[in-house]
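Hi everyone, thanks for coming. Please have a look at the screen, and then we'll walk through a few spots together.

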Amino acid sequence: MTSAAVLFDLDGTLIDSAPDLHAAANRMLADEGREALAFEIIRSFIGNGVPKLVERIIGVTGLNMADHPRLTEAFMAHYNAHSTDLTRPYPGVADALARFQTMGYGLGVVTNKPEVPAREILSDLGLSHFFPVVIGGDSFPEKKPDPTGVLSAMDALKASATVFVGDSEVDSETAGRADLPFILFTEGYRKSPVFQIPHQVMFDRFDSLPALVEPLVSSTRLV
């Protein structure tokens with residue numbers, strides 16, 4: 001039985017997926033005869049799932065919100081066809097995950113990306129073997145910051161002590177609502193200054209993460 005676990009957000013935490021999300025957005029816009037949006041605009045829209053990202057795109061391009069379901073489907077078709085063309089794990093991710101496995105931690109992903117694409121991306125990037133549990137934005141009726149996905153992942157991993165690692169305001173709120181320590185990756189897609197995002201510790205390099213996790217897990221481990 002695994003007594004301790006580390007749960008991760010995906011986009012902006014384990015992987016830098018913004019380039020492929022940007023490309024998919026602009027393919028969708030080209031289909032609609034609209035001008036491309038700058039990378040930084042799309043990057044700023046990431047974090048609440050694809051439907052919200054498409055909603056934000058509609059809001060700044062003058063597309064019709066009544067077309068939101070169709071545009072979301074079009075976006076996903078473009079994205080799924082090219083989801084790892086430009087996406088890469090952040091430096092040091094694989095080594096850190098291997099270290100956690102050696103330390104005996106259970107590992108899981110809780111993302112607002114739909115589950116099937118999330119699993120496919122992890123597989124394409126050679127990370128899927130680290131994660132026996134992957135919870136997507138469509139795995140339950142509610143997405144993060146609802147804590148259901150995190151709590152379900154803990155249950156699946158039989159984890160008594162868990163930390164959540166993410167890059168955003170949404171991830172911080174999710175951890176808080178699940179009553180878990182939150183570790184903030186500062187190089188992802190957050191929209192606010194670090195000091196405005198509740199967290200226990202923060203990091204900017206994955207080689208430093210295992211040493212940060214252990215004290216937090218030890219302090220919450222059930223005995």
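Helices α1 and α4 make a right-handed crossing; by definition, a crossing is left-handed if the near helix is turned anticlockwise from the far one by less than a right angle, and right-handed if clockwise. A word on naming: helices (H or I, at least four residues) and strands (E, at least two) are DSSP runs, numbered from the N terminus. Before going on, please remember that this is a predicted model, where local features need pLDDT of at least 70 and side-chain atom pairs count only at pLDDT 80 or more, while totals for chains, interfaces and linings use all residues. Residues are numbered from 1 along each chain as its sequence is written, and side-chain values use heavy atoms, leaving out hydrogens and water.

Back to our pair. The axes of α1, residues 18–31, and α4 come within 8 Å and cross at roughly 130°. Axes here are lines fitted to C-alpha atoms, for helices over the stretch in contact, and the angles run from 0 to 180 degrees between N-to-C directions. α1 and α4 are therefore oblique to each other. The cut-offs: angles under 35 degrees count as roughly parallel, over 145 as roughly antiparallel, 65 to 115 as roughly perpendicular and the rest as oblique.

Which residues of α1 and α4 make the contact? From α1 come Asp20, Leu21, Ala24, Ala25, Arg27, Met28 and Asp31, and from α4 come Leu71, Ala74, Phe75, His78 and Tyr79. Contact means heavy atoms within 4.5 Å. Sorted by class, the contact of α1 with α4 has eight nonpolar, one polar and three charged residues. For that sorting, Ala, Val, Leu, Ile, Met, Phe, Trp, Tyr, Cys and Pro count as nonpolar, Asp, Glu, Lys and Arg as charged, and the others, Gly among them, as polar.

Now find α3. Its axis and that of α4, which covers residues 68–81, come within 9 Å and cross at roughly 115°. α3 and α4 are therefore roughly perpendicular to each other. α3 also passes α4 in a right-handed crossing. On the α3 side you'll find Val50, Pro51, Leu53, Val54, Glu55 and Ile58, meeting His68, Leu71, Thr72, Phe75 and Met76 in α4. The residues of this contact of α3 with α4 divide into eight nonpolar, two polar and one charged.

Glu55 has another partner to show you. Its side chain meets that of Lys52 in a salt bridge, at 3.1 Å from N to O. A salt bridge is a side-chain nitrogen of Lys or Arg within 4 Å of a carboxyl oxygen of Asp or Glu, and the structure holds nine of them. Lys52 and Glu55 are three residues apart in helix α3, residues 50–61, so about one helical turn separates them. Lys52 is partly exposed at 30% relative accessibility, and Glu55 is partly exposed too, at 32%. Buried means under 20% relative accessible area, exposed over 50%, partly exposed in between, with a 1.4 Å probe and protein chains only.

Let's move to α8. Glu173 and Arg177 form a salt bridge there, 3.5 Å from N to O. They sit four residues apart in helix α8, so they too are separated by about one helical turn. Glu173 is partly exposed at 40%, and Arg177 is partly exposed at 46%.

Salt bridges that share partners also join Asp9, Lys144 and Asp171 into one network. Within it, the closest N and O atoms of Asp171 and Lys144 are 2.8 Å apart. Asp171 lies in helix α8, residues 169–177, and Lys144 in the loop between β5 (133–135) and α7 (148–157), so the pair ties together parts that are 27 residues apart in sequence. Are these two buried or exposed? Asp171 is buried at 1% relative accessibility, and Lys144 is buried at 8%.

A cis peptide bond joins Lys144 and Pro145, with omega at about 20°. Pro145 is in the loop between β5 and α7. Thr174 in helix α8 is buried at 0% relative accessibility. Leaving aside neighbours within four places in sequence, Thr174 is in contact with Lys144, Pro145, Asp146, Pro147, Val150 and Phe164.

Last stop: Asp179, in the loop between α8 and β7, residues 182–185. Asp179 has a positive phi of about 60° although it is not a glycine, and Asp179 is exposed, with a relative accessible area of 71%.
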